Amino acid sequence: MANTMDRRRLLSTAVLGGAGIAGATALGSLAPEAAFAAEPVKVVPGQPDPNFAEGRVTTINGSVVLLAGSDGALYRIQVTNGTSIWKFQPTTFDRLEKGDGMYVRGVRLPDGTLAADSLWANIVNLTAHIASVGRNVLHLDHHGRRLIGHVVPGTTAAVYNGTPAISDISLLRVGGHVQIIGAWHPDTNEISIATVYAAN
Amino acid sequence: MAAVTGEVSWFCCGSAWGPCASTGRGACGTCTSGNFQHAWPNASAACLAITRPDTCGTSLSRRTCGFVHYTTNLCNGARVGTSIADCGPQTDLFCGERACCGSSCGTNRIIDLTPAAYSAIASLSTGLRPCSVNTV
């Protein structure tokens, strides 16, 4: 598709030192939802996606991030001005740190570098039971392990059985089952809660 | 199988960092976050006994490890093909839950995708999306 080719060329140009790109271009928004709608996926079901990487940050050098994949692979990630970055919330490149866990989706360049369309740092999607509730904290039982979930006033949102997200978490019940989108605090058993889905 | 409408989320499996490190390679023993794979609530009789979509009024066909489904994100029309690598989601824990994008809605959790697959059709930070699932 012409749009796909234009988009890939745009990213490649940015990676190779061409004109800088911003979050929105003549091609339209580079925000994740728009990007995903525009990119056809041609990976064979069941097989690895060459345009995806996961692992932990070992080095940040300029706009290049080196990732140590959990399976032992090494990835070179090129971040551009058009890369969508999430770390607990939409953020900027300077918030990334060595040790962050990461999922990256982008375009694989001929030299093996992955030019990042979207990058999610420390993101977790957990199903858990609520063991106890404290002031701005949930103690969670996640597959038999205890996790501490920090509620961030003004940011944490709660979705009760599909209703619109609200900031009030007082309806969460001890013993209740929840799904949590959040950000892991590297090398701890703690997370910050972005959204908690509760089946009340 | 006619297309089934419901909710799609994502889960991690295989080698991983953080809280995901304890999740293992799934019921089929093949699950990897970077592969185009998914969890299905009726991957076996034992699986169905745990997930129980029937208690939410959702009937899902028995499909076993390696079977390919195609999931469409009803928010943007993006579609991804994945193969079964695990049992899940546990539909009965969220019975009646509804996700919508405008007038496009899905009720009950019917499929979980790996991060690679989910991120091909939606941002991981969305966590949950209405979807349709088909075999072609």
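In chain B, strand β1 is joined to strand β8 (residues 129–134) by five bridges, and the two strands run antiparallel. One place to look along this pair is B:V4, which stands opposite B:V133 in β8(B). The model described here is a predicted one. For readers new to such pairings, strands of a sheet pair through backbone hydrogen bonds, in either a parallel or an antiparallel manner.

Six strands of chain B close into a barrel, and going around, the order is β1-β7-β2-β4-β3-β8, with mixed pairing. From one strand to the next, the twist averages 45 degrees.

Another pair of strands in chain B is β5 and β6. Here four bridges join β5(B) to β6 (residues 104–107), and these strands also run antiparallel. Within the pair, B:C100 has B:C105 in β6(B) as its bridge partner. The two strands form a hairpin with two residues between them, and B:G102 in the turn has a positive phi of about 60 degrees.

The contact draws 43 residues from chain B and 39 residues from chain A. On the chain B side, β1 (4–10), β4 (79–87), β5 (98–101) and α2 (115–118) each supply at least two residues. Of the elements of chain B, β4(B) gives the most to this side, with four residues.

Turning to chain A, its fold contains two helices and 15 strands. Of its 200 residues, 40% are buried. Contacts in chain A between residues at least 6 apart in sequence were also examined, and 56% of them join residues at least 24 apart.

A:D168 sits in the loop between β13 (157–160) and β14 (177–184) of that chain. Is this residue buried or exposed? A:D168 is exposed, because 9 other C-beta atoms lie within 10 Å, and a residue counts as exposed with 12 or fewer. Along the chain, A:D168 and A:P90 are 78 residues apart, and their C-alpha atoms are separated by 21 Å.

How values were computed:
Residues are numbered from 1 along each chain as its sequence is written. Chains are lettered from A and ligands numbered from 1 in the order in which they are written. This is a predicted model: local features need pLDDT of at least 70, side-chain atom pairs count only at pLDDT 80 or more; totals for chains, interfaces and linings use all residues. Two residues are in contact if their C-beta atoms, placed from the backbone, lie within 7 Å. A residue is buried if 20 or more other C-beta atoms lie within 10 Å of its own, exposed if 12 or fewer, and partly exposed in between; C-beta atoms are placed from the backbone. Two strands pair if DSSP finds at least two bridges between them. Axes are lines fitted to C-alpha atoms, for helices over the stretch in contact, and angles run from 0 to 180 degrees between N-to-C directions.
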